[in-house]
Amino acid sequence: MLGSGLLQGLAVTAKNFVGSFHDPARYTTVEYPEVKPALPEAYRNFPFLVSENATDPMGTLRCVACQICEKECPPQCIYIEKSKDKKPDAAGKPQIYPAIFAIDTSVCMSCQICVEVCPFDAIKMDQVFEIATTTRFEALLLNREQLAKPNSYYHGIHPTEAAEVDARLAADRKAAEEKAQAAAAAKAAAAAAAAAKAASPAPKAPDESRRSPQGEGGPPTPKPQSERGAVS
Amino acid sequence: MNPELLTPGGANVRAVHDAFHGDLLEVSMGPHHPSTHGVFRMIVTLDGERIVKLKPVFGYLHRNHEKLGETVSYLGSMPYTDRLDYLSAMTNNWAYAIAVEKLAGQPVPERAEYVRVILAELTRLLNHTCLAGFLMQDCGCSGTPLMYAFREREKILDLFESLSGSRMMCNYQRFGGCRVDPTPAWVDATRTLVGNYGAFLDEFEALLTGNEIIMARTQGVGVLSAALAINAGVTGPMLRATGVASDLRKSDAYGVYPRFQFRVPLGAHGDVYDRYMVRVLEMRESIRILEQALAGLPGGPIMDPKAKLRGFRPKAGEAYGRIEGPKGEIGFYLVSDGGPNPLRYRVRPPSFINLTVLEDMCLGQTVADAVIILGSVDIVLGEVDR
C-alpha cells in the first residue's frame, strides 16, 4: 500500500520520541559544566612530565633530556635544552636533566608518540581538557614547571598503566643494582685473587671462581635498559 | 539584455523571460555550504533547473599530507593518517600499517589480525551509519535519521576511546601489531554493541528503506554505469552499487578475512538508492563478520615482540598496501631508501577517486539532485584534499 512505509517510519519516530523520555539508557545529555563526563582510563590529550616526588618536582623529574621525543614528535611541538651539569636521579645516579622542556599545546596533536618512544617512562598523557585561555601563544606554551606532575597524579589518572610502569621501573632498578653489586663483587674477587696470587701461587677459592662469570655478564634482567633504547 | 526591463513597474514578465531564454546560469555551490560535506565547491552551470556542466573545485583543506609523510619517520605518519578520512581512522591506520609491514617484512600476531578486523568492521558500521544519516539530511529529512545515526555512532566512538584513548584520532595500529591489548571488558562491551546493532538497523530501515518519499527522491537519480565506474577506478560501495562484484576483502584476502563467512552485497541500478541500500546491507554483513571475529578472538601477544618502535629503518624497496576501507580501496604506496623516513609516500584516497565521476552522474539532473548525488558518493574532505 502506498504510504505504508511512511506510516512505519512515523511509528519509529513516535517510539523514539516517547522512549527518549522514559528509558534511562537514552538520557545521553551530560549537563557539562555542572556534571563532568566520566573519562575512560585510556583517554589522553596532552603530555606531562612525571616526577617522582611531589615536594620537589623539578629535582625528581624522570626526564634525562635524551631528546628522543623531540626528534620523534610528528608536529615538532617539543623543545628541549639539556642541562650543563648533572643531578642525581631517583636511583641516586647523576643524570643530565632538561634545563628547558617546553611543549606547545597549540601544535600538539595528542598522538602519544612521545610517550611510546620515551625509554625512561618520563612523559605521559594527561587528561586535563579544560585548558581554554585568553591568549593564543604564551598560555598554551607549557614550560617545565607547568608540565611536571608527580607520579601519584599519574597513578590517579591511568592506574593500570602506572602500576605496570612502576613494576617495570622497579625491576629495572633492581636489576641494575644487582648488576652493580655483582660487578663490585667480581672486581673485589679479582683484586683479592690478584693479591693472593702476588702473595703466594695458591689456587683460587672455588666459591669465587663460580661467582665471577655471573658477575661479569650480570643476571638476566626482565627488560634491560639497553634493549629499551637507553641513551647514554 | 536591456536593463530597463528589470526596473520596477517597467518589467514585463514575458519580456524578461524572452531576454533570459537560452542563457546559462552559473552557480557556485560551496565551499561554505553544509550540503557539500566540508569545504568542497561545485561550479554548476544550469539551463533552467538542469545541470549542463559541473566543475568540482577542491583543495581548500590541503594539508600537504604526502610531503609531510616524507619528512617524518614511518611511525610519525601514523597519527597523520587518522586525519585523512577522519571518520575511519582505524582503517586508515591499518592500510598504512600493512604498507609498512610489507616494506619491512614484518609479521603480525594472530590476535592483532583479529583485533584489526574487529576495528575495521566497527569503522565500517560507524561510517555507513553516518553516511546514511548525512544522505537523508541532504534529501531533506532534517535531523531525525542523522540523530539516530549519531546516537549509535557515539557508542562505537566510546569503544574506540576506551581502547585507544581518542574517539576519532585513534592512532592505534603499529607496525607488527596494535598499540594496546583490548581487555576482556572491552571485548564484552563490543559483543554487547554488536548484539544490539542488528536491532538498530531494523529500526533504521523501518524508518528509511521502505519510505515512499525517499524512494521517489533517490531512485533513478545519479545513475552510474558499471563500465564508467570501472574505467574511472571507482571502488567500494559506489562500485558495488553498479553491480560489479569487487571487494578487496574477498579478492585480496588480506588479514584473517578468508576465515570469515560473509557475502558482498551488490546493487542493480547504480543510483543513489542503490548506494544507500548497498551500505545498509554491508552493515548487516559487518555484523556477521564481527560476531565471528569476536567468537574466534585468540589469545597471545598483540605486538610482534621483534617489532621495532624506535630506529625503524626498513630496507630499500617499495610497497603498496591496500585494504577495503568503508569508502573503497584505501592504499598507501611507500618507497624506502633505507632511511628513517620514506623517500616517497603516496596515498590512494577512495573518496577522491570516487568523486571524479561526479559530473557524469549529475549531468541532466536538477540542482537539488546534485546535493544528494554528492551525499551518496560519501566524501570526507580530509581525504579528498589531503
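Student: What makes the residue just after α4(B) worth a look in this predicted model?
Tutor: Just after α4(B) comes B:G105, and its phi is positive, at about 65°.

Student: What makes α4 of chain B a helix of the expected span?
Tutor: The helix covers residues 89-104, which gives 16 residues. The expected span is 1.5 Å times one less than the number of residues.

Student: Why is α4(B) called largely enclosed by the rest of the structure?
Tutor: A residue counts as buried if 20 or more other C-beta atoms lie within 10 Å of its own. In α4(B), 15 of the 16 residues are buried, so the helix is largely enclosed.

Student: How much of chain A counts as buried?
Tutor: By that cut-off, 22% of its 232 residues.

Student: How do you know that chains A and B touch, and how many residues take part?
Tutor: Contact requires C-beta atoms within 7 Å. On that basis 25 residues of chain A are in contact with 27 residues of chain B. On the chain A side, α1 (4-22), α2 (68-72) and α3 (113-117) each supply at least two residues. Of the elements, α1(A) gives the most, with six residues.

Student: What is the makeup of the side of chain A that touches chain B?
Tutor: Its residues divide into 13 nonpolar, nine polar and three charged.

Student: Why are β4 and β6 of chain A called edge strands?
Tutor: The sheet is open, with three strands in the order β4-β1-β6 and mixed pairing. Strands β4 (123-125) and β6 (148-150) each pair on one side only, and that puts them at the edges. From one strand to the next, the twist averages 50°.

Student: What share of the contacts in chain A join residues at least 24 apart?
Tutor: Among contacts between residues at least 6 apart in sequence, the share is 70%.

Note on methods
Residues numbered from 1 in each chain as written. Chains lettered and ligands numbered in written order. Predicted model: local features only at pLDDT ≥ 70, side-chain atom pairs only at ≥ 80, totals over all residues. Contact = placed C-beta atoms within 7 Å. Helix = DSSP H or I, 4+ residues; strand = E, 2+ residues; numbered from the N terminus. Nonpolar A, V, L, I, M, F, W, Y, C, P; charged D, E, K, R; others polar. Buried ≥ 20, exposed ≤ 12 C-beta atoms within 10 Å, placed from the backbone. Pairing = 2+ DSSP bridges. Axes fitted to C-alpha atoms, helices over the stretch in contact; angles between N-to-C directions.
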